[in-house]
Amino acid sequence: MADTDKLPVGDHLVDKMQRRRRLAEIVSPLPDYPRIITVSNQKGGVGKTTTTVNLAAALARRGANVLVIDLDPQGNASTALGVPHRPEITSIYDVLLGDDDIPDAIQPTSDHENLWCVPSTINLAGAEIELVSLVAREQRLRTALNDFLESSERRFHYVFIDCPPSLGLLTVNAFVAADEVLIPIQTEYYALEGLSQLLGNIELIQKHLNPTLRISTILLTMYDSRTKLSQEVAGEVRNHFPDQVLTSVIPRSVRISEAPSYGQTVHAYDAPSIGALAYLEAAAEMADRGARKAASTDSDEDGKA
Ligand SMILES: Nc1ncnc2c1ncn2[C@@H]1O[C@H](COP(=O)(O)OP(=O)(O)OP(=O)(O)O)[C@@H](O)[C@H]1O
Ligand SMILES: [Mg+2]
């Protein structure tokens, strides 16, 4: 990938045009089964929510039906998707702790006709404590989501779960409900701090609660190619996780950070921007990797038969 920040303006535009053209030529395969992806990193402010909503919106624009579950009491994903999430609205809190099901809480988004959201409300702030005394407290999201996906007339291709910056019961519910973990890593100092704790927790979940969970994707965010630090951190992460890190990186971009205050994804807010392009590229790469993985799993199974 070109180091766009170092290019003169003219070259920058040409590079962007070429990347757009390349993207337009790629058809993103749709998965046969819904890919359920938990977006997690217990470090705060690394781009979990930004990645959740913009990747989800990018995949919707590439033809997939996508559901975002906002599992963070802060409700930032609901805000960025322009979905109402006042305390009285039926939300993921009522699904996890009340008698409501996902169809009672799901809302269309103004962002794209293929994109839906189950919002979070501030009520979820008490959920970590309220969940403790419940039966099957780690499985509640999984049960609700499986019931929904099995009974829904619409076929969903992707479900993204946006997690809070902690490793409590809400995040455990997300890990148990998912097949894949996507870890956004901010390309800054201390980027890898706390990562071993996250990996340890994922291992525990694999051992005790969800053996099929895997870290499928790592996305480098807020990348600034002008700084040596960004390059060094990116290199270090790629060395540690050569198979998981996407080639696409998300640049630090004012347009990306402005979009949520308008209740929009970057695609709705500024479709021609470099930030929107980067998320579309990352989405295409994820779709492609998923299809390759499915194909290699199929051929492994054929080999065994
Ligand atoms: N690529 C980017 N360029 C510029 N700003 C960004 C980028 N990605 C995220 N931000 C900004 O960084 C801040 C943190 O991002 P975000 O809310 O997505 O992180 P988070 O990991 O979800 O945070 P939390 O841990 O609080 O849930 C936000 O203000 C967001 O707008
Ligand atoms: Mg967040």
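A: Start with helix 8. Its buried residues are Leu-170, Thr-171, Val-172, Asn-173, Ala-174, Phe-175, Val-176 and Ala-177. Buried means that 20 or more other C-beta atoms lie within 10 Å of the residue's own; exposed means 12 or fewer, partly exposed is in between, and C-beta atoms are placed from the backbone. Helices (H or I, at least four residues) and strands (E, at least two) are DSSP runs, numbered from the N terminus.

This is a predicted model: local features need pLDDT of at least 70, side-chain atom pairs count only at pLDDT 80 or more, and totals for chains, interfaces and linings use all residues. Residues are numbered from 1 along each chain as its sequence is written, while chains are lettered from A and ligands numbered from 1 in the order in which they are written.

Helix 8 spans residues 169-177, and eight of its nine residues are buried, so the rest of the structure largely encloses it. What do these buried residues pack against? They meet strand 1, strand 5 (158-162), helix 4 (92-97), helix 6 (127-132), helix 7 (140-151) and helix 9 (195-208).

Ile-161 shows some of these contacts. It touches Ala-174, Ala-177 and Ala-178, and also Thr-38, Val-39, Ile-69 and Leu-71, leaving aside residues up to four places away in sequence. Contact here means C-beta atoms, placed from the backbone, within 7 Å. Ile-161 is also among the residues that touch the most other members of the largest nonpolar core, which has 81 residues; Ala-56, Leu-59, Val-68, Val-159, Tyr-279 and Ala-283 are the others named. Such a core is a set of buried Ala, Val, Leu, Ile, Met, Phe, Trp, Tyr and Cys residues joined through C-beta atoms within 7 Å. Helix 13 (residues 274-304) supplies its largest share, ten residues. In soluble globular proteins, nonpolar side chains tend to be buried together.

Seven strands form it, open, in the order 3-4-2-5-1-6-7 and with mixed pairing. Strand 3 (107-108) and strand 7 (214-221) are at the edges with a single partner each, so one side of each has no neighbour in the sheet. Two strands pair if DSSP finds at least two bridges between them.

Strand 1 (residues 35-39) runs parallel to strand 6 (residues 180-186), joined by three bridges. There, Ile-37 stands opposite Glu-180.

Strand 2 (residues 66-70) has five of its five residues buried, so the rest of the structure largely encloses this strand too. Val-66, Val-68 and Asp-70 lie on one side, Leu-67 and Ile-69 on the other. Five bridges join strand 2 to strand 5, in parallel, with Val-66 partnered by Tyr-158.

Next, the ligand. Ligand 1 is surrounded by 19 residues, the closest being Lys-48, Thr-49, Thr-50, Pro-165 and Ser-257. A residue counts as near if its C-beta atom, placed from the backbone, lies within 6 Å. Helix 2 gives the most to this shell, three residues.

Last, the whole chain. It has 13 helices and seven strands. Of its 305 residues, 45% are buried.

Note on methods. Contact = placed C-beta atoms within 7 Å.
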